[in-house]
Amino acid sequence: MQKKLIAVAVAGALAAPAAVMAQSTVQVYGNLYGEYSFIDQGRATNGTDRANPDVLQTPGSEIGFRGEEKLGGGMSAWFQCASTADFRGASPEGFCGRDSAVGFSGGFGNVFVGNWVSPFRRAFSVGNVGARSTGVFGSWALLYGSSATTLDGANAGSFARRQNNSINYDSPKFGGFQFMAQVSSTNSGTNDLASAANAKPRTWSLGGMYTVGPLALAAGYEEHNKFYAAGGDEQGYHVSASYKLGKVKFGGVYTKQEWDDTAATSGEVSAWNLGAEWHIAGPHNLNFAYTEADDVDGNSGAIGTRRPGAGADTGAKQWQVRYLHNLSKRTYVGVGYVHLKTDRNATYGLGGFANAGTGADSKGLALNVGHRF
């Protein structure tokens with residue numbers, strides 16, 4: 001009898017962890033993308049020839065794990081930790097450096113805190129068709145200044161943000177509509193005096209998306225309070241849309257950003273893009289995109305790491321075409337050409353790199369490979 005009791009106790013002890021694990025699910029996932037491009041950076045306005053490098057990038061590559069536990073009553077607790085997967089070894093941003101959070105979801109929507117892409121950025125992805133976000137085929141440098149994972153109060157001029165220290169809410173979907181909101185904490189304010197003009201900088205971001213059949217519409221608004229040394233603010237908005245007609249998906253975005261970096265200096269810029277993704281047949285696909293940034297108006301100097309200072313001839317135009325061949329549902333290879341034409345006083349660089357001189361046109365031919373798991 002004693003041996004039977006011991007056996008039952010051991011079996012119960014071994015079964016307990018399995019029962020606990022059965023209450024939650026954990027998934028490992030990832031997205032690996034490699035891009036090898038040959039770039040002709042052209043000649044700057046001052047007549048200086050720029051170097052023509054070959055560039056290896058891994059924009060957007062990540063590996064992560066996420067899990068969910070059902071709590072009953074339709075509510076779940078969840079977590080996610082995503083990290084950069086730069087297989088070049090050049091940009092190891094650290095553990096949980098990409099979309100990472102912990103939260104609760106249910107009939108009320110989704111509430112979570114962590115490091116997460118802003119609603120503004122998530123909404124404009126609806127219309128960013130035919131182009132990638134970053135890399136040599138990226139459109140965001142012209143549209144939104146830069147794309148960055150950033151601390152609260154940092155990276156003025158960047159409207160394609162993954163926001164650290166953020167508090168987020170996603171509504172349930174109502175007849176195809178979903179609303180999203182985000183606010184950052186003011187962790188950086190711990191190093192500020194109460195009298196500082198830029199004490200307690202904060203990001204507010206809103207986004208809404210409506211999807212019905214082949215049509216998707218989106219809009220976003222974002223405000224960066226006290227982002228400048230003099231206490232200045234900046235704000236941006238966008239509208240975007242996409243529509244799938246047979247084998248072709250069309251999309252477009254219009255955006256505008258404004259800033260008051262000091263009491264006496266300010267600026268604003270508008271940008272837009274149009275694109276198409278054509279699934280020809282079988283594994284064959286063609287993507288097209290055209291992106292244009294207007295002149296920067298106002299009297300401010302250069303803002304952030306991408307926008308030129310205000311003035312005439314500070315705009316740029318970019319067009320691209322890519323062929324993509326699906327090797328499977330998760331793996332593809334491709335080749336494409338992109339041309340960035342900058343005005344004589346513009347400082348935009350192809351691939352999001354710094355421009356070594358104003359007014360230089362850039363052209364790139366790139367090979368790429370992508371895999372999701």
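**Buried residues and overall make-up of the chain.** In this predicted model, buried residues account for 45% of the 373 residues in the chain. The secondary structure comprises three helices and 19 strands, and the C-alpha atoms fill a box of roughly 95 × 60 × 45 Å along the principal axes. Of the contacts with a separation of 6 or more, 57% are between residues 24 or more positions apart.

**The disulfide between cysteine 81 and cysteine 96.** One disulfide is counted in the model, and it is formed by cysteine 81 and cysteine 96, whose sulfur atoms lie 2.0 Å apart. Because cysteine 81 belongs to strand β4 (residues 75–84) and cysteine 96 to the loop between β4 and β5 (100–106), the pair ties together parts that are 15 residues apart in sequence. The torsion about the S-S bond is about -110°, and the disulfide is therefore left-handed.

Cysteine 81 has a relative accessible area of 5% and is buried, whereas cysteine 96, with a relative accessible area of 28%, is partly exposed.

**Surface and charges of the chain.** The accessible surface of the chain comes to about 17700 Å², with 62% of this area belonging to carbon and sulfur atoms. The chain carries 31 positive and 29 negative charges, and the mean positions of these two sets are 11 Å apart.

**Confidence along the chain and the stretch of residues 1–22.** The average pLDDT of the chain is 90, and 92% of the residues score at least 70. Over residues 1–22, however, the pLDDT is below 50, and this stretch has zero contacts in the model beyond near neighbours in sequence. Where pLDDT is low, the predicted coordinates should not be read in detail.

Note on methods
Residues are numbered from 1 along each chain as its sequence is written. This is a predicted model: local features need pLDDT of at least 70, side-chain atom pairs count only at pLDDT 80 or more; totals for chains, interfaces and linings use all residues. Side-chain values use heavy atoms; hydrogens and water are left out. pLDDT is the predictor's confidence in each residue, from 0 to 100. Contact means heavy atoms within 4.5 Å. A disulfide is a pair of cysteine sulfur atoms within 2.5 Å. Helices (H or I, at least four residues) and strands (E, at least two) are DSSP runs, numbered from the N terminus. Buried means under 20% relative accessible area, exposed over 50%, partly exposed in between (1.4 Å probe, protein chains only). Accessible areas come from the Shrake-Rupley method with a 1.4 Å probe; for residues, only the protein chains shown count as cover. Lys and Arg count as positive and Asp and Glu as negative; His and the chain ends are not counted. The place of a charge is taken as NZ of Lys, CZ of Arg, CG of Asp or CD of Glu.
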